[in-house]
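Please keep the sequence and the model in view while reading.

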Amino acid sequence: MIYTGNYENCSKSSKFVSISNDSDKKLNYKGRYYSPLVPKLELLKKWKANIGKIKEEENMRYYIENYYKEVLEELDIPELFSELGSTFIIGGHENSDEFSQRYIVAAYLELMLGIEINEIKIDNNKIITLPKNQMYKKISNILCETIIKDIDSRPERKQKTMILI
C-alpha cells in the first residue's frame, strides 16, 4: 500500500519517506527520503517567487508541468518499489488541504499503476484515512492535462502510450 501524509501526522512511522527538498532541516527529520522525487531547487525558487504575483492555479500548473518534466518523466517505478518496498508513505511538510508535490506523485502513481493512494494520519498507531480533498482533485486534473498534452505533442510518446493501453 502507498499512502501520502505530512510530517506532523506521519513522520514518526518507519514507512514515512520524505520527498521534500529540505527534509532534514525544518523539523530535524532523521528518517528516510527518496531523492529521485525531490524537486529541483530552481523549480521551488521560481514557484515560491510566483506566489502572489500570478494566479494560484497558474502557478500550480507551472509547478506541476515542470515537476512532471524534470522528475516524474525520469522516475523508474520498479526502482522506487525496490528501494522503498511495497508499503510506504510519501511525505511532505504541507497540511492535507495545501498544494504539495506528494499529491502530484500520488496522482501520477495512481494513473500509471491503476491503484488508489490515500492521505492518512497516524494516531496512536492507528491509520486514519482522510478523504480526497479539492486540492488533490485540482492537482490530479492538472497533471492529467499535462500528461495528455505531452503525449499529443510527441508522436513517439503517443505510440509508446498506446502500446501500454
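Strand β1 (residues 2-6) and strand β4 (residues 88-92) run parallel and are joined by five bridges; strands here are DSSP runs of E of at least two residues, helices are DSSP runs of H or I of at least four residues, and both are numbered from the N terminus. Two strands are taken as paired if DSSP finds at least two bridges between them. The model is predicted, so that local features need pLDDT of at least 70 and side-chain atom pairs count only at pLDDT 80 or more, while totals for chains, interfaces and linings use all residues. Residues are numbered from 1 along each chain as its sequence is written, and side-chain values use heavy atoms, with hydrogens and water left out.

In general, the strands of a sheet pair through backbone hydrogen bonds, in either a parallel or an antiparallel manner.

The whole sheet is open and has six strands in the order β3-β2-β4-β1-β5-β6, with mixed pairing. At its edges stand β3 (32-33) and β6 (126-130), each with a single partner strand, so one side of each has no neighbour in the sheet.

Strands β5 and β6 run antiparallel and are joined by five bridges, and Ile120 has Thr129 in β6 as its bridge partner. The two strands form a hairpin with two residues between them, and Asn124 in the turn has a positive phi of about 50°.

## Burial of β4

Five of the five residues of β4 are buried, so this strand is largely enclosed by the rest of the structure; buried means under 20% relative accessible area, exposed means over 50%, and partly exposed lies in between (1.4 Å probe, protein chains only). Phe88, Ile90 and Gly92 point one way from β4, whereas Ile89 and Gly91 point the other way.

## Helices across the sheet

Helix α4 (residues 77-84) lies across β1, β2 (16-18), β3 and β4, and runs at about 100° to β4. Helix α5 (residues 101-113) lies across β1, β4 and β5 (118-123), and runs at about 170° to β1. For these angles, axes are lines fitted to C-alpha atoms, for helices over the stretch in contact, and the values run from 0 to 180 degrees between N-to-C directions; contact means heavy atoms within 4.5 Å.

The 13 residues of α5 should span 18 Å at 1.5 Å a residue, and its end C-alpha atoms are 18 Å apart, which agrees; the expected span is 1.5 Å times one less than the number of residues. Ten of these 13 residues are buried, so α5 is largely enclosed by the rest of the structure. What covers the buried residues of α5 includes β1, α3 (56-70), α4, β4, β5 and α6 (134-153).

Glu110 lies in helix α5 and counts as buried at 15% relative accessibility. Leaving aside residues up to four places away in sequence, Glu110 touches Ile115, Glu116, Ile117, Lys132 and Tyr136.

Ile151 lies in helix α6 and is buried, with a relative accessible area of 15%. The C-alpha atoms of Ile151 and Asn9 are separated by 36 Å, the two residues being 142 residues apart along the chain.

## The chain as a whole

The chain has seven helices and six strands, which follow the pattern β-α-β-β-α-α-α-β-α-β-β-α-α when read along the sequence. The radius of gyration of the chain is 16 Å, close to the 15 Å that the globule rule gives for 165 residues, so the chain is as compact as a globular protein of that length; the radius is taken over C-alpha atoms, and the rule is 2.2 Å times the number of residues to the power 0.38.

Along its principal axes the C-alpha trace spans about 50 × 40 × 25 Å, and buried residues make up 42% of the 165 residues. Among contacts between residues at least 6 apart in sequence, 67% join residues at least 24 apart.
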